[in-house]
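This report describes a single protein chain for a reader who has its sequence and coordinates at hand. Please examine both before reading on.

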Amino acid sequence: MQDSDDMPAQETITLGWSLFEAIPDCVHLLDADGVIVALNRNGMQALEIDDPAQLLGSAWRALWAQESRAAIDAALALACAGGAGKAQAACLTITGRLKWWDVVVTRTSSPDGHQAHLLAILRDITEQV
């Protein structure tokens with residue numbers, strides 16, 4: 001396998017995007033302020049979204065039911081501090097259906113070591129709840 005330091009930038013971006021789309025869970029890429037920058041196709045399907053523009057640029061925490069926001073805020077804060085924030089939380093889909101999620105939020109870093117984004121991976125646990 002080729003070392004990522006030796007991989008051309010465009011090839012690295014293409015690989016990263018392919019992996020992002022291949023993850024079977026709902027994945028949101030957030031900026032450092034928790035604003036939605038991107039979401040994968042599986043996430044769009046899980047949240048019943050036809051057009052990603054419906055969420056892009058929105059505050060991620062606003063998606064969550066009021067009773068789940070404290071847990072989501074704590075997960076975001078832990079991720080911003082360099083840890084892995086975890087929560088089980090409820091969120092409405094675009095069509096108004098309530099779903100429960102097992103949430104993990106982590107911080108990504110740019111090559112120079114500065115915080116670049118937050119990665120939120122959500123696994124639908126509605127049937128278990």
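What joins the side chains of Thr-93 and Glu-48? The link is a polar contact of 2.6 Å, a polar contact being a pair of N or O atoms within 3.5 Å, where within protein one must be able to donate a hydrogen and the other to accept it, and residues adjacent in sequence count only if both atoms are side-chain atoms.

The model is predicted, so that local features need pLDDT of at least 70 and side-chain atom pairs count only at pLDDT 80 or more, while totals for chains, interfaces and linings use all residues. Residues are numbered from 1 along each chain as its sequence is written, and side-chain values use heavy atoms, with hydrogens and water left out.

**Overall organisation**

The secondary structure of the chain comprises 3 helices and 5 strands; helices (H or I, at least four residues) and strands (E, at least two) are DSSP runs, numbered from the N terminus. In order from the N terminus, the elements follow the pattern α-β-β-α-α-β-β-β. Of the 129 residues in the chain, 33% are buried, where buried means under 20% relative accessible area, exposed over 50% and partly exposed in between (1.4 Å probe, protein chains only). The accessible surface of the chain is about 7,500 Å², and carbon and sulfur atoms account for 55% of this area; areas come from the Shrake-Rupley method with a 1.4 Å probe, and for residues only the protein chains shown count as cover. A contact means heavy atoms within 4.5 Å. Among contacts between residues at least 6 apart in sequence, 40% join residues at least 24 apart.

Strand 1 and strand 2 run antiparallel and are joined by 3 bridges; two strands pair if DSSP finds at least two bridges between them. Leu-29 has Ala-38 in strand 2 as its bridge partner. The two strands form a hairpin with 5 residues between them, and Gly-34 in the turn has a positive phi of about 85 degrees. Strand 1 is mostly covered, with 4 of its 5 residues buried.

**The nonpolar core and its aromatic pair**

The largest nonpolar core holds 25 residues, of which Trp-60, Trp-64, Ile-72, Trp-101, Val-103, Val-105 and Leu-122 touch the most other members. Such a core is a set of buried Ala, Val, Leu, Ile, Met, Phe, Trp, Tyr and Cys residues joined through side-chain atoms within 4.5 Å. Elements giving two or more residues to this core include strand 1 (26-30), helix 2 (41-46) and strand 5 (115-124). Helix 3 supplies the largest share, 4 residues.

The structure holds 1 aromatic pair. Trp-60 and Trp-64 form this pair in an edge-to-face arrangement, at 5.4 Å centre to centre and with 75 degrees between the planes. Rings of Phe, Tyr and Trp (its six-membered ring) pair if their centres lie within 6.5 Å; planes under 30 degrees apart count as stacked, over 60 as edge-to-face and the rest as tilted. Trp-60 counts as buried because its relative accessibility is 0%, and Trp-64 counts as buried because its relative accessibility is 2%. Not counting residues up to four places away in sequence, Trp-60 touches residues including His-28, Gly-34, Leu-76 and Ala-120.

Glu-48 is in the loop between helix 2 and helix 3, and Thr-93 lies in the loop between strand 3 and strand 4. Most residues other than glycine have a negative phi. Glu-48 is not a glycine, yet has a positive phi of about 60 degrees.

Not counting residues up to four places away in sequence, Thr-93 touches Ala-46, Leu-47, Glu-48 and Lys-99. Lys-99, in strand 4, in turn touches Ala-46, Thr-93 and Asp-124, among others. Its side chain reaches the backbone oxygen of Ala-46 at 2.8 Å.

Arg-107 is also found in strand 4. A polar atom of the Arg-107 side chain lies 3.2 Å from the backbone oxygen of Cys-80. Arg-107 and Leu-78 are 29 residues apart in sequence and 9.1 Å apart in space, C-alpha to C-alpha.

| Residue | Relative accessible area | Class |
|---|---|---|
| Glu-48 | 24% | Glu-48: partly exposed |
| Thr-93 | 5% | Thr-93: buried |
| Lys-99 | 8% | Lys-99: buried |
| Arg-107 | 36% | Arg-107: partly exposed |
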